[in-house]
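The sequence and structure are shown first.

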Amino acid sequence: MATDFWINLPVKDLNRSKEFFQSLNFTVNERFSDSEQMAGVVVGEHNSMIMLFPEATLEGFARNPMTDTAASTEVLLSISADSREEVQEMCEKVIQAGGKIFSEPGETNGMYGAGFCDLDGHRWNLLVM
């Protein structure tokens, strides 16, 4: 049975992407700190790992072209927040770090949340559960 799970995302600029996620208070895994081909970003209390790869590197692994995130959505990554205030704070950090809000904070379907795009257009969903 699988013991670990991680998500691999293509990025245009590995260093800028690491800086973006660090500014959102995510931890960059030091194990890959000297690599120019990948970076690990730790998300949440369960230490979920998001692996960031330059687009060409990930295309080699996937053997398929990467999605144009400006034209379509490849996946919606959802993360929890503890409060409405935390959602608002995260949205402010996203904007300051160069990301974009695609769904302003608010209530939808009985849940409070917001949506943002990182520097490469990957869509993230913040939810207060």
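Which residue's side chain meets that of E107 in a salt bridge? The partner is R84, with N and O 2.9 Å apart; a salt bridge here is a side-chain nitrogen of Lys or Arg within 4 Å of a carboxyl oxygen of Asp or Glu. This pair links distant parts of the chain, E107 lying in strand β6 (residues 100–108) and R84 in helix α3, 23 residues apart. Helices (H or I, at least four residues) and strands (E, at least two) are DSSP runs numbered from the N terminus.

The model is predicted: local features need pLDDT of at least 70, side-chain atom pairs count only at pLDDT 80 or more, and totals for chains, interfaces and linings use all residues. Residues are numbered from 1 along each chain as its sequence is written, and side-chain values use heavy atoms, with hydrogens and water left out.

**Salt bridges**

The structure holds two salt bridges. In the one between K12 and E55, the closest N and O atoms are 3.0 Å apart.

| Residue | Relative accessible area | Class |
|---|---|---|
| K12 | 62% | exposed |
| E55 | 29% | partly exposed |
| E107 | 52% | exposed |
| R84 | 43% | partly exposed |

**Strand β8 and its partners**

Five of the six residues of β8 are buried, so this strand is largely enclosed by the rest of the structure. Strands count as paired if DSSP finds at least two bridges between them. β8 runs parallel to β5, to which six bridges join it, and pairs with β7 in the antiparallel sense, also over six bridges. L127 of β8 stands opposite S80 and is also the bridge partner of G113.

N125 is found in β8, which spans residues 123–128, and counts as buried at 17% relative accessibility. Contact means heavy atoms within 4.5 Å. Leaving aside neighbours within four places in sequence, N125 is in contact with L76, L77, S78, I79, A114 and G115.

β7 and β8 form a hairpin with five residues between them, and G121 in the turn has a positive phi of about 85°. H122 is found in this loop between β7 (111–117) and β8 and is buried, with a relative accessible area of 2%. The side chain of H122 reaches the backbone oxygen of P10 at 2.7 Å. Not counting residues up to four places away in sequence, H122 touches L9, P10, T69, E74, F116 and C117.

**Nonpolar cores**

A nonpolar core is a set of buried Ala, Val, Leu, Ile, Met, Phe, Trp, Tyr and Cys residues joined through side-chain atoms within 4.5 Å. Of the 25 residues in the largest such core, F21, L24, F26, L52, V87 and W124 touch the most other members. Elements that each supply at least two residues of this core include β1 (6–11), α1 (14–23), β5 (76–81) and β8. The largest share, four residues, comes from α3. Beyond four places in sequence, F21 is in contact with F26, V41, L52, D118 and W124. A second, separate core of five residues includes V42, M49, M51 and L58.

Conventions:
Buried < 20%, exposed > 50% of the residue type's maximum accessible area, 1.4 Å probe, protein only. Polar contact = N/O pair within 3.5 Å; in protein donor to acceptor, adjacent residues only side chain to side chain.
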